[in-house]
Amino acid sequence: SSEFAVITNRRFPELSRTVKSVLIALEKADLPMRKLLPIHGDMHIDQWSTNQGELGLLDFEDFAFGHPERDLGFFMVQLEAEYGHKLDYKSLNSHLLRGYRSEGLWPNETQINIYSAHKWFSKASKARSLVQANGFLERAMNCLGETKNRPVEDFD
């Protein structure tokens with residue numbers, strides 16, 4: 001996260017106070033201790049493929065052991081940021097969560113929000129404009145503010 005702060009501050013010095021707030025909030029975020037599981041590592045919409053009604057994931061270059069919530073949070077942010085104006089990303093995210101649950105995985109909402117905040121912070125460091133960077137930082141702070149025991153069903 002500190003590398004995103006350095007880059008964002010260099011590109012948008014006007015946002016240094018907001019960047020510092022996000023960085024502090026991320027550092028204070030308490031990731032629950034959970035068993036590490038196999039994760040894709042770079043899950044986004046372009047990594048999915050369909051073939052005769054079957055859905056599959058591609059490109060396991062970043063496969064690792066980690067929290068499934070990382071894949072979920074990153075996917076959700078990427079979907080909203082890149083396709084939110086074209087797709088009903090909330091509905092797609094809801095279906096994704098239902099798919100995880102159908103396989104017996106119950107994602108931790110706090111972890112999803114922390115990983116989502118991290119992804120928004122990353123996007124701020126690559127933003128095309130001050131306004132866009134500020135919007136991404138606000139989304140990160142919103143995610144971190146949503147780590148207060150909200151049921152995961154609220155994502156539906």
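What is the handedness of the crossing of α2 and α5? In this predicted model, the crossing of these two helices is left-handed. The axes of α2 and α5 come within 11 Å and cross at roughly 150°. Because angles over 145 degrees count as roughly antiparallel, α2 and α5 are therefore assigned as roughly antiparallel to each other. On the side of α2, the contact is made by V19, V22, L23 and L26, and on the side of α5 by I114, A117, H118 and F121. By class, the residues of this contact comprise seven nonpolar and one polar, with no charged residue.

A second contact of α5 involves helix α1. The axes of α1 and α5 come within 8 Å and cross at roughly 35°, and this crossing is left-handed. Helix α1 contributes F4, A5, I7, T8 and R11, which meet H118, F121, S122, A124 and S125 of α5. The residues of the contact of α1 with α5 divide into five nonpolar, four polar and one charged. H118 and F121 take part in the contact of α5 with α1, and both are also listed in the contact of α5 with α2.

Helix α1 itself spans residues 2-11, and its buried residues are F4, A5 and T8. These three cover an arc of only 100° around the axis, which puts them on the same side of α1. The face turned away from this buried side carries the exposed residues E3 and R10. The packing partners of the buried residues of α1 are α2 (16-28), α5 (109-125) and α6 (130-145). F4, A5 and T8, the buried residues of α1, are also among the residues of α1 that meet α5.

Two further residues of α5 were examined individually. Q111 is placed in helix α5 and is buried, with a relative accessible area of 0%. When neighbours within four places in sequence are left aside, the contacts of Q111 are L31, P32, R34, H67 and E69. K123 is likewise found in helix α5. With a relative accessible area of 15%, K123 falls in the buried class, because that class comprises values under 20%. Leaving aside neighbours within four places in sequence, K123 is in contact with V77, Q78, A81, E82 and F136.

Q78, a contact of K123, is also in contact with H44. H44 lies in the loop between β1 (37-39) and β2 (48-51). Apart from neighbours within four places in sequence, H44 is in contact with F75 and Q78. H44 and E138 are separated by 94 residues in sequence and by 22 Å in space, C-alpha to C-alpha.

L55 is located in strand β3 (residues 54-57) and counts as exposed, at 58% relative accessibility. Not counting residues up to four places away in sequence, L55 touches W48, S49 and T50. Q52 is found in the loop between β2 and β3, where a relative accessibility of 79% makes Q52 an exposed residue. D59 lies in the loop between β3 and β4 (64-66). At 37% relative accessibility, D59 counts as partly exposed.

Most residues other than glycine have a negative phi. Q52, although not a glycine, has a positive phi of about 50°. Phi of D59, likewise a residue other than glycine, is positive and near 55°.

Note on methods
Residues numbered from 1 in each chain as written. Predicted model: local features only at pLDDT ≥ 70, side-chain atom pairs only at ≥ 80, totals over all residues. Heavy atoms only, no water. Helix = DSSP H or I, 4+ residues; strand = E, 2+ residues; numbered from the N terminus. Contact = heavy atoms within 4.5 Å. Buried < 20%, exposed > 50% of the residue type's maximum accessible area, 1.4 Å probe, protein only. Arc of directions from axis to C-beta. Axes fitted to C-alpha atoms, helices over the stretch in contact; angles between N-to-C directions. Parallel < 35°, antiparallel > 145°, perpendicular 65-115°, else oblique. Left-handed = near helix turned anticlockwise from the far one by under 90°. Nonpolar A, V, L, I, M, F, W, Y, C, P; charged D, E, K, R; others polar.
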